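The exercises below are to be worked with the sequence and the model open side by side. Each task is followed by a solution in steps.

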Amino acid sequence: MQSTIHFPKLRFGNKYIDIFPYWISFLVLGFLFGLVGAFIVLRDGLQVTGLSNRVPWGLWISIDLSSISLGGSAFAFGVIVYLLRLKRFEIVGKLAVLLGFLGYSTAGMVLLFDLGQPLRFWHPIVYWQAHSLLWEITMCVILYLTVLVAELIPIIVELPFFESHPWHEKYPIVKTIVDFAKMVAHWLHKAGPVLAIIGLSLSLLHQASLGATYSVLYGRGVWFNQSAPTQFVFSAMSGGTALLFFLSTFVFRVMRPGLVKDDVLYDVARIAGGLTLLLTYLRVWDWAVTNYYSFDRNISLQTQALNAIAPYSMGFWLGQALLPVIAGSLLISAKSVKNFRYLMAASVIPVFAAILTRWNYNFAGLIAHSTYDPYTPVIRLNSYTPTWVEFAVATLVISYWLLTFSVAARYLPFQSKHEEH
Amino acid sequence: MKKNQKIFVLLATIACIAAFVVLVVLPSQSVSATPGHKPLELKDCLVCHDQAAHLWEGSRHSSGNVSCIVCHKLAQSGGDHPDNAKYTVESEETTCLVCHIDVTGADISGEEALSKHGRVGLTCISCHEQHSQGLKLSEGSRIVCENCHKKEMKVMLNSTHYKAGLSCVNCHMGDGKSHTMVVALETCGKCHANPHDANIMLEAGLDVKVMATPAAMIELTPKPTEETAAPVSGGINMPPWTLVFGGILIGGVLAWALVGRDPGNPSGNE
Amino acid sequence: MSENIKEQPDPEKNTTSRRDFLKLAGALAGAAGLAQIALSTMTASASSGGEEGKGPKWGMLIDINLCIGCQYCTFSCEAVNNLADDMRYCVVTTETTQSGKEFFLSRPCMHCDEAPCVHVCPVKATYKRPDGIVAMDYDLCIGCRYCQVACPYDARVFNWKEPIERSPQSPDFGLQEVPNRPRGVVEKCTFCSHRIDPGLKRGLIPGIDPQATPACVVACPTHARLFGDLSDPESSISVALAESKTTLRLREELSTEPRVYYIPPQTANRFQGS
């Protein structure tokens, strides 16, 4: 049953070179570069960033929103595997749990840097302000991360190390720890459906409240949008599932051929495609009624100003709507396309769309601000230029993501020995 | 006995000195003390209010022995500052005008206010810093007048008067330091006794040219630098390399989708 | 004498005793257990409108016709709160009416009754006091800047840098009266609550006695600003509000219920939203 793990190799003449060590060293370099930036931020505070009182949220918040949205497949597949009892998706579901964990831990990391007082990160846990969406988000991130870790432990325990290793005899303490971990994993495996339900509700709540974070801010342009929470949920599901398809093709078709049947991967692609088309439908309606929400004079002026500059213009909105239609149609007809190269390329588009949506949404209300003249308000545009430190921290979290994923993809056994209970 | 005598003389001397101190020095210090309370001195104020006291130290008030408690009056009930006493300036009428009635009588005191400043409600401390009595906003080349009279200052900065080294107060206050700020008829005459005598300008070291018209003067005025309005154009400025990076990423995927190998057949597997 | 000095708010030395006390209190609260905190959360008022009841409700009235744009309010605020020039709580801008007449708009924190910043703060660092002041606890603030994003009036500033030694407007416009805030927290106008609270204890009336009145109101040379108790119909601000034919609040259509009122320029017609 144990299939061999292949890793992409490059051919030089007659030799095949395993690029894994080079890829890992490249990521470690990025990680170290990011650590420099992280050190500078923690030492000097947020004055090293390009943020200002006018644009207080920038690149990091966009990365935070994006990474959470790309972990959105975890809850979608939690439902499929544990609630709908679709056993054939179980192995793909494990990858989804890993992606969810990565998305949420990345978000937590980047949020930590974004705080003015990083040492007070625990304050929301103690000082409750249940009316704040940010409080809800913090609690959801913490609780859902716990759930994801609980879901991840049984997968990690499948590693050969936990089965048998010379150290078990050599160091009794290792044996104790391994036995304890196995016991915990067994419980958690039994509690899988419960965890999935908790995770589902937390994650759904959370993805929605990320959108609501902005849409309650009625004083800013574009943001006051009642469909934002729904859109964030569907965008996360579409982008996250598309990413899951991309990566599971890589992990289960290239590296572990034979572990997952192609039909399952086609089904993942079809789910991603369906969600993408649904999202596009929602977005078109949202775009059509944007002006309806701009009931306030200042806000409609802001919307007008935003429509005039590039990333918010109508052409962009159309592109955002049209490209996913192509990608979605391609993905939903995966069984007739049957070309994994096209399907993988198509699955990149919903991923980018999810990132771009969050990027745009984050900046939309901040970039155009109106003056406070009660008679003749004017729209002024704020500027934001990220500094190299911000990019360094971005590199840090992105290389963390890729590093953990690469190592996990190579070493985690995705098939379960306890499959037949 | 001699020893006793010595001690007696010593004691007597000490007593004399003590009496001298008590009679001469102490009364002068306890003049301002409220009965039943410890007299307050400048050094007591310095304990907390050293910043204000340092401002006062170099001022005219300090040379005229106008110390803290002259303006910051004690309440009738007593002076156990800071809890109960209204240890504070009550109003300008009972504070500045007590001494400065000759200077300010014409412009601030109530209905007889003659100056426009008085009419819109400006008081002494609108322009003066109360502890140092200096003018506010006067560090560097700033001048307090400019803060409100921006348009007038614009014209002034290109005027002949400004080049000759005159400032607002030369005409608006004159030698008598009148606080009405009114330019009297005779003010011009002080310099321009003979309006056609150009020597006075040459003496001031001016390069005499054909006089500019007022409209042209306003055009010559430098653009205000401090009022930097928010940029008309703006947005998110990403460095160019991010575009290149994104382009390579998207282009790479596209190129691979078009001409690449199928992911199902890993190269090392064959 | 020495005891008296200790009780005196010490502007020059920035005593940290209050902060230390709050830290201790925070630690005790943490040790007291989650149950108590959860209980206190449940019993806490859901609305940001503060507790209804007796007591003063502070408000401000700014007469735009009297404002000459001298920025003394801004300067005195900077001096009293020890702010750098790029961290102004109160901003004076030049605006125009529909007929093109220029006027000056002085904009402090509005101390809204339905303050968006209070609703969004994840840790209750900003809260509505019963007297209507939107105050901040700088020891709770985590620096997430959600309140800054939420504020429709740009009334909040973030401490990007370490606090400065001395404000450029000090001593011309007053001396520092409140302790410095640490780097990495959001801060805002307090209606000079450090003057109001001790002033009330001493029997002074905020809005009349300068020691108990916000620095911007005291500094205004033309008396364009009025401060006082909105709940007291006899107070000068209530009388002025009743007398003035029209008053105006900024961005009223957002229903934030600001506590800062304006008397509009006489020639202007109120803008009607579409």
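## Exercise 1: Chain C as a whole

Chain C holds nine helices and nine strands. The model is a predicted one.

Task: State what share of the 274 residues of chain C counts as buried, and what share of its contacts comes from residues 24 or more positions apart.

Solution. 
Step 1. Of the 274 residues in chain C, 49% count as buried.
Step 2. Take the contacts in chain C with a separation of 6 or more; residues 24 or more positions apart account for 63% of them.

## Exercise 2: A sheet in chain C

Task: Give the strand order of the open sheet of three strands in chain C, and explain why one side of E8 and of E9 is left without a neighbour in the sheet.

Solution. 
Step 1. The order is E8-E1-E9, and the pairing is mixed.
Step 2. Strand E8 (225-229) and strand E9 (260-263) of chain C stand at the edges with a single partner strand each, so one side of each has no neighbour in the sheet.
Step 3. From one strand to the next, the twist averages 20°.
Step 4. Strand E1 (residues 58-63) of chain C pairs with E8(C) in the antiparallel sense, over five bridges.
Step 5. Helix H9 (residues 236-243) of chain C lies across E1, E8 and E9 of chain C. Its direction is at about 115° to E8(C).

## Exercise 3: A hairpin in chain C

Task: Describe the pairing of E2(C) with E3(C) and find the residue of their hairpin that takes a positive phi.

Solution. 
Step 1. Strand E2 (residues 91-96) and strand E3 (residues 102-107) of chain C run antiparallel and are joined by six bridges.
Step 2. C:Val92 has C:Ser106 of E3(C) opposite.
Step 3. Five residues lie between the strands of this hairpin, and C:Gly100 takes a positive phi near 90°.

## Exercise 4: A covered helix

Task: Determine how many residues of H4(C) are buried and what covers them.

Solution. 
Step 1. Helix H4 (residues 72-81) of chain C is mostly covered, with 10 of its 10 residues buried.
Step 2. The buried residues include C:Tyr72, C:Phe75, C:Glu78 and C:Asn81.
Step 3. The cover includes E2, E3, helix H8 (215-219) and E8 of chain C. E2 and E3 are the strands of the hairpin in Exercise 3, and E8 belongs to the sheet in Exercise 2.
Step 4. Just after H4(C), C:Asn82 takes a positive phi of about 55°.

## Exercise 5: Where chain A meets chain C

Task: Count the residues in the contact between chains A and C, and work out where the buried residues of H14(A) fall around its axis.

Solution. 
Step 1. Chain A gives 36 residues to the contact and chain C gives 47 residues.
Step 2. On the side of chain A, the elements with two or more residues are helix H5 (123-126), helix H6 (133-156) and helix H14 (297-308). The largest share, four residues, comes from H6(A).
Step 3. That side of chain A divides into 18 nonpolar, 14 polar and four charged residues.
Step 4. H14(A) has 12 residues and reaches 17 Å from its first C-alpha to its last, close to the 16 Å expected at 1.5 Å a residue.
Step 5. Buried in H14(A) are A:Asn298, A:Ile299, A:Gln302, A:Thr303, A:Ala305 and A:Leu306. Seen down the helix axis, the buried residues of H14(A) fall within an arc of 165°, so they line one face.

Conventions:
Residues are numbered from 1 along each chain as its sequence is written. Chains are lettered from A and ligands numbered from 1 in the order in which they are written. This is a predicted model: local features need pLDDT of at least 70, side-chain atom pairs count only at pLDDT 80 or more; totals for chains, interfaces and linings use all residues. Two strands pair if DSSP finds at least two bridges between them. Axes are lines fitted to C-alpha atoms, for helices over the stretch in contact, and angles run from 0 to 180 degrees between N-to-C directions. Two residues are in contact if their C-beta atoms, placed from the backbone, lie within 7 Å. Ala, Val, Leu, Ile, Met, Phe, Trp, Tyr, Cys and Pro count as nonpolar, Asp, Glu, Lys and Arg as charged, and the others, Gly among them, as polar. The expected span of a helix is 1.5 Å times one less than its number of residues. A residue is buried if 20 or more other C-beta atoms lie within 10 Å of its own, exposed if 12 or fewer, and partly exposed in between; C-beta atoms are placed from the backbone. The arc is that of the directions from the helix axis to the C-beta atoms.
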